[in-house]
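Dear colleague,

I am passing on the structure we spoke about, together with some notes on its salt bridges and its surface. Please look through it alongside the text below.

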Amino acid sequence: MTTWGSSYIGRHRPLETERSLSLGERLLALNWFVVLLLCVIACIGFAMLYSAGNGSWDPWASRQAIRFGAGLVLLLVVALIDIRFWLRVAYLIYGGCLLLLIAVELMGEIGMGAQRWIDIGFMQLQPSEMMKVALVLALARYFHSPTLDEVGNIRRLIVPIAMILLPVALVMRQPDLGTALMLMCVGGAVFFIAGVRLWKFAVVIAGGLAAIPVAWTFLHDYQRNRILTFLDPERDPLGAGYHIIQSQIAMGSGGVTGQGFLQGSQGHLNFLPERQTDFIFTMLAEEFGLIGGLALLSLYALLILAGYVIGLRCRNHFGRVLALGLTTNFFLYAFINPAMVMALIPVVGVPLPLVSYGGTAMLTVLVGFGLILSVSINRDLKISRRALEGADL
């Protein structure tokens, strides 16, 4: 039986029962199909940003391509690192992202009425996006040790609940209701994956529904308007309802086959707002129609399926929870944005993954898939559920 290097953790127990893979073996074991899917979706994003720029690589498409190239390198680095490293540093990464969220509160950049970014020179960093991956990583680390019976103990859930509520509270102060809800949803998904009983979810959901009247009083005016506009877009067609009405017109005008690349009338005549970010799926549907929209959603479905298969095939609990949690996080991205622009849910400002313009969101998605691919490479690695007890991290 080998150990990782010559070190032992806690009570001198080995972290694994099988040897580490060499770099060459890791490259061969890498799921290149997932990498290919990511590249294809990103290329669709470049094309749509080129169209959003009225047939120009500036100001969005060229920058997005450079960011994707850097993010792809980062993905490969993350994927090739031993999964036990991510197990060890999970809490440190979570703590770092939490400090960045606090930094946003103290010195963040204000844009579009919200304080969500930190200016680091070459890009605007959005720590709330990074927290989506960090939260799943930390929760996977926490739920790695307890047995299924121990997870059923309510006292065992106090710490992970606090791990979710802390960033949610900080993100709500920015304010960013969409990201806060995503953090709560992905946190709840990890709880379910870890084996928390369904009746506990029923209690939380019932409590949440009962608290809606109270929560309504704490919402900002623009957040209330988004909800009211979702229920009746025509109540303010030139104000709060303008975005979603123009989105519906654009998608309807695309029909089955679309108006053609660079030919979308709503987008290129500037009727469609935020066409390079939140409403880029609308622009795709206008130019490529129902067929184009379904093609992109099919690519997302393949990625999501691949992620869940990787998680379910993993033999160690940490990797299983991590891959399933991160895949669920990606599913939320891929579901919320199209549903939002089709008026199926209120507008919450969630980007379309790998397609919408934005550096932090893209890097977050790619790092998340880097971790999923690391799980895939190390799927047969056995890690003791008690290996980290007493570890000093």
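In this predicted model, Arg 173 forms a salt bridge with Glu 105, with the closest N and O atoms 2.7 Å apart. Arg 173 sits in the loop between helix 7 (158–172) and helix 8 (177–194), whereas Glu 105 belongs to helix 4 (residues 83–107), so the pair ties together parts that are 68 residues apart in sequence. Arg 173 is exposed, at a relative accessible area of 58%, while Glu 105, at 30%, counts as partly exposed.

The structure holds five salt bridges. Another of them joins the side chains of Lys 132 and Glu 129, at 3.1 Å from N to O; these two residues are three apart in helix 5 (residues 127–142), which means that about one helical turn separates them, and both are buried. The side chains of Glu 150 and Arg 156 also meet in a salt bridge, at 3.8 Å from N to O, and here Glu 150 is partly exposed with a relative accessible area of 23%, as is Arg 156 with 28%.

Turning to the surface, Phe 33, Leu 36, Val 40 and Leu 302 form a nonpolar patch, which together has about 340 Å² of accessible area. Helix 2 (residues 32–52) gives the most to this patch, contributing three residues. Phe 33 is found in helix 2, and its relative accessibility of 42% makes it partly exposed.

Best wishes

Technical notes
Residues are numbered from 1 along each chain as its sequence is written. This is a predicted model: local features need pLDDT of at least 70, side-chain atom pairs count only at pLDDT 80 or more; totals for chains, interfaces and linings use all residues. Side-chain values use heavy atoms; hydrogens and water are left out. Patches are made of residues with over 30% relative accessible area and no salt bridge: like charges are joined within 9 Å, nonpolar side chains (Val, Leu, Ile, Met, Phe, Trp, Tyr) within 5 Å. Accessible areas come from the Shrake-Rupley method with a 1.4 Å probe; for residues, only the protein chains shown count as cover. A salt bridge is a side-chain nitrogen of Lys or Arg within 4 Å of a carboxyl oxygen of Asp or Glu. Helices (H or I, at least four residues) and strands (E, at least two) are DSSP runs, numbered from the N terminus. Buried means under 20% relative accessible area, exposed over 50%, partly exposed in between (1.4 Å probe, protein chains only).
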